[in-house]
Amino acid sequence: MAQTMHCYRHPKRETRVSCATCGRPICTECMRQTDVGIKCPEDARLPRGARAGAMKTDQIARTLLAGAAVAIAGAVLVYFVFPEIGFGRLILSALAGYSAGIFIHRAGGRNGGPFAMTVAGVAVVLAFLPALLIPALGGGLPVRLLLPALVTVGFAIYNSR
Ligand SMILES: [Zn+2]
Ligand SMILES: [Zn+2]
């Protein structure tokens, strides 16, 4: 039989129930029935995004900042440096995507998940956009950049998951 505990909000009340999130014992009056089990009033009130495993607000902010940094630095590099590189373009794309993915993953507190992957993917697409669009407006889409762009996006998403 489970050990008798005392409600953390009512120390005189005995209970055998504890919160599914924080583990603190709660009495029948305090417990809240949620879709993921019994919780204390504090944890039952928290929005979905604040639960364990999801990113906190500052991690989301850092992920977005990292994504913006990748997009801006990447756009400059891809536009000015990339067309000069002939041999090894795909390997460099893979490395750049890998680095961007790891960078964004770490910025988000190593939580990864769909949000980090989306930011990584969008950041790399934005990085390639000027190099693809500016020549395309002039009438010639740089087809030779399409495959490296796809490789970079793929690596960035994979490594930020
Ligand atoms: Zn709790
Ligand atoms: Zn209580």
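This is a predicted model: local features need pLDDT of at least 70, side-chain atom pairs count only at pLDDT 80 or more; totals for chains, interfaces and linings use all residues.
Residues are numbered from 1 along each chain as its sequence is written, while chains are lettered from A and ligands numbered from 1 in the order in which they are written.

Let me begin with the fold. The protein chain has five helices and four strands, that is, DSSP runs of H or I with at least four residues and of E with at least two, numbered from the N terminus. Along the sequence the pattern is β-β-β-β-α-α-α-α-α.

I turn to dimensions. The C-alpha atoms fill a box of roughly 75 × 25 × 20 Å along the principal axes. The radius of gyration, taken over C-alpha atoms, is 24 Å, whereas a compact globule of 161 residues would have one near 15 Å; the globule rule is 2.2 Å times the number of residues to the power 0.38.

What, then, makes up the largest nonpolar core? A nonpolar core is a set of buried Ala, Val, Leu, Ile, Met, Phe, Trp, Tyr and Cys residues joined through C-beta atoms within 7 Å; buried means 20 or more other C-beta atoms within 10 Å of the residue's own, with C-beta atoms placed from the backbone. The largest core has 23 residues, and Val70, Ala100, Ile104, Ala120, Ala123 and Val124 touch the most other members. Helices H2 (57–80), H3 (89–107), H4 (113–137) and H5 (146–159) each give two or more residues, with the largest share, eight, coming from H4.

A second, separate core of six residues includes Cys7, Cys19, Ile26 and Cys30.

Definitions and conventions. A residue is buried if 20 or more other C-beta atoms lie within 10 Å of its own, exposed if 12 or fewer, and partly exposed in between; C-beta atoms are placed from the backbone.
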